[in-house]
Amino acid sequence: MNTADQYLKAIYLAQRIEDGPASTGTLADMLEISPASVNEMIGKLEERGLVEHEKYKGASLTSEGIERAHDSLQTYCIIERFLANVLEVEEFRDEARALESVIDDTVAERLDTIIDRPSECPDCFDPERDYCERLEVGPDGCAD
């Protein structure tokens, strides 16, 4: 998953949280980068036809953007579930974020064969809690 896909995934999740266009501030917080960097990438994604951006309202994904974001979120969920359930990594979210930019589709597909991923994935991902709502985590947010 490349940087553009990470942005698309963030926009997808922010749109679900905000129930509308994703604000630059929300995206900057989610991606832990500056609003200026978010604006720059949104412009690039808009040029590629993946995002529609309206000043002061936010960014919305086009149908192609939604498809790519959905695929990116699914890859992230596969990595997250593998780390939490198979490897039992406590800080699975941090590790999944670090790995999502370097794991390609082939590796994600192979990991998917070893995990028990629900058929509704990635729609079961809770953007406010920042993990799959069906993933078993303890009260501290770490994998059990």
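Mentor: Let's start with the classes: Ala, Val, Leu, Ile, Met, Phe, Trp, Tyr, Cys and Pro count as nonpolar, while Asp, Glu, Lys and Arg count as charged. Keep in mind that this is a predicted model.

Trainee: Thanks! What makes up the lining of the largest cavity, by class?

Mentor: Its lining holds Cys 77, Glu 80, Arg 81, Pro 118, Cys 121, Cys 124, Cys 132 and Leu 135. Cys, Pro and Leu count as nonpolar, whereas Glu and Arg count as charged, so the lining divides into six nonpolar, no polar and two charged residues. Helix H4 (residues 63–86) gives the largest share, three residues.

Trainee: Why is that space called a cavity, and how much space lies in it?

Mentor: A cavity is a place where a 1.4 Å probe fits but cannot get out. About 40 Å³ of space lies in the largest one, and the count of cavities of 30 Å³ or more comes to one.

Trainee: And what about the largest pocket: how much space lies there?

Mentor: About 370 Å³. Sixteen residues line that pocket, and Lys 9, Met 30, Leu 31, Arg 97 and Glu 100 are the closest to its centre. H1 contributes the largest share of the lining, six residues. By class, the pocket lining has eight nonpolar, two polar and six charged residues.

Trainee: Now Arg 110 in helix H6 (residues 105–112). Why is Arg 110 called exposed?

Mentor: The cut-off for exposed is over 50% relative accessible area. Arg 110 has 60%, so Arg 110 is exposed. Its C-alpha atom is separated by 9.7 Å from that of Ile 78, 32 residues apart along the chain.

Methods:
Residues are numbered from 1 along each chain as its sequence is written. This is a predicted model: local features need pLDDT of at least 70, side-chain atom pairs count only at pLDDT 80 or more; totals for chains, interfaces and linings use all residues. Side-chain values use heavy atoms; hydrogens and water are left out. On a 1 Å grid over the protein atoms alone, a cavity is a set of points where a 1.4 Å probe fits but cannot get out, and a pocket is an open set with protein on both sides within 12 Å along at least five of seven lines; lining residues have an atom within 4 Å of a point. Grid points are joined across faces, edges and corners, and a volume is the space filled by probe spheres set on the points. Helices (H or I, at least four residues) and strands (E, at least two) are DSSP runs, numbered from the N terminus. Buried means under 20% relative accessible area, exposed over 50%, partly exposed in between (1.4 Å probe, protein chains only).
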